[in-house]
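Hi everyone, thanks for coming. Let me walk you through one model today, starting with the ligand and then moving on to the packing.

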Amino acid sequence: MGIKVIYEKCNLCRKCIEKCVFGAIEIKENKIEINEKCNLCGLCIKTCPQNALIKEVEKKKEINLDEYKGIWFFVETRDSQVASVSYEMLSAAKKLKEKLNEEICGVCFGKNIKDKLTPLIKKGAEKIYFIDDDIFCNFREEIYANALSYLIKKYKPNIVITAATMIGRSFIPAVSVKVKTGLTADCTDVDIDEKTGLLIQTRPTFGGNLMAKIICEKHRPQMATIRPKIFEEADDEENSKGEIIEEKINFEIGDKIEICGREKLENVVDLQEAEIIVSGGRGLKEGKNFNIIKELADLLNAAVGASRAAVDSGWIGYPHQVGQTGKTVKPKIYIACGISGAIQHLAGMQTSDYIIAINKDPDAPIFKVANLGVVGDLFEVIPILIKKLKETRR
Ligand SMILES: Cc1cc2nc3c(=O)[nH]c(=O)nc-3n(C[C@H](O)[C@H](O)[C@H](O)COP(=O)(O)OP(=O)(O)OC[C@H]3O[C@@H](n4cnc5c(N)ncnc54)[C@H](O)[C@@H]3O)c2cc1C
């Protein structure tokens, strides 16, 4: 797409040059030329008294939607092991299959991973394509994007879902560009429209004030990333059978970076992997009081979470925020300290296995979802817990 000049009509009046705020129009060899600064805003077209400028629309190639079949999920690996989030994506794919009845297929890249894919077949994947290569030992966006788009072009799946992890979020947008389709990022649900068979991709929008349902009507595959911990990991299925198929790819394209080494970052907030989370809210009164939350978390080998009120007050960083506009978590134990339990906070933690709430207000909504409620002042309760835990460690 671009702006085209109809030279027969243009009288070099220069009105378009004056109007263009991007400096994208110039005169070269007595002719108007549009340069690379043009962002297609169209102001010049409206301004031209001779109607000598038009927007050229690239004719889109119609795609045959019926050629695209299958529900694909991306099998993420970490240190050459299948990441637990991959089982959640399989679960989402199984949900879609209930209404769409198309083959569930996983795609995995890694080194020596073939044998590690069998559990996915036991849990309902009907096919898994994998590429085994040293190159996948370190995650690199362009290599992953090239490999997945190559397979998508070859097999034409109808749907491709990926976890909205650091890996999924970083390479999937490049895949959607390469295969010329749309992508809905960070979905909190996916489903199938029973009338049209289209993928319904649900995600919060306008800062979480609206839940948007997005469809991709004219392009394939329909692609979405899904937040971790929304779907349970898939269960084993009786008599499930499937094929694990090796694929090969030429890595010349995009292989431009040499990884010299890897270092594990310390103190990275991995709320979504944590088995125990201790979260603090506005009840902490001041940022420095997060120290007692951190002390309790350290003793429990837990991660530190927070309500949006605490994050917005600048007491702790956004990566710690739990809730509709933060992270969705599902630890074995979630301890909410001085958090009221607003619906947007509950949206991110209410599926935790066991919830403990400490709040001085007996009517706080958090107690409705708590398995164990402590009505009391957190500045009294938490130090007692810390003391008891320290005693048991002696
Ligand atoms: C679009 C939108 C998206 C949002 N997204 C999120 C989100 O992702 N995550 C999120 O958390 N919120 C989110 N919110 C904000 C949410 O509505 C609440 O405002 C927020 O969760 C409140 O945080 P809080 O519970 O820490 O504070 P409050 O609601 O002020 O609750 C503080 C609690 O602390 C208790 N307390 C006070 N002192 C003590 C004490 N000494 N000991 C024990 N208890 C004490 C009080 O009784 C009270 O229940 C969102 C809101 C909107 C509109």
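When I say polar contact, I mean a pair of N or O atoms within 3.5 Å. Please keep in mind that this is a predicted model.

With that cut-off in hand, look at threonine 325: one of its polar side-chain atoms sits 2.6 Å from a nitrogen atom of the ligand. The protein covers 82% of the 980 Å² of accessible area that the ligand has on its own. The backbone joins in as well. Arginine 282 places a backbone N or O atom 2.7 Å from a ligand oxygen, and for arginine 308 a polar backbone atom is 2.9 Å from an oxygen atom of the ligand.

Now the shell around the ligand. It holds 29 residues, and Arg282, Ser307, Thr325, Ser340 and Gln344 are the closest. By class, 6 are nonpolar, 17 polar and 6 charged.

On to serine 279, which belongs to strand E17 (residues 276-280). Is serine 279 buried or exposed? It counts as buried, because its relative accessibility is 0%.

Last, the largest nonpolar core. Of its 33 residues, those touching the most other members are Phe73, Leu117, Leu120, Ile159, Ile161, Val190 and Ile226. Helix H3 gives the most to this core, with 8 residues. If you zoom in on isoleucine 159, you will find Trp72, Leu96, Leu100 and Ile192 among the residues it touches.

That's my tour, thank you!

Technical notes:
Residues numbered from 1 in each chain as written. Predicted model: local features only at pLDDT ≥ 70, side-chain atom pairs only at ≥ 80, totals over all residues. Heavy atoms only, no water. Core = buried A, V, L, I, M, F, W, Y, C linked by side-chain atoms within 4.5 Å. Buried < 20%, exposed > 50% of the residue type's maximum accessible area, 1.4 Å probe, protein only. Helix = DSSP H or I, 4+ residues; strand = E, 2+ residues; numbered from the N terminus. Contact = heavy atoms within 4.5 Å. Near = heavy atom within 4 Å. Polar contact = N/O pair within 3.5 Å; in protein donor to acceptor, adjacent residues only side chain to side chain. Areas by Shrake-Rupley, 256 points an atom, 1.4 Å probe, with all protein chains shown as cover. Nonpolar A, V, L, I, M, F, W, Y, C, P; charged D, E, K, R; others polar. Lists of a residue's contacts leave out its neighbours within four places in sequence.
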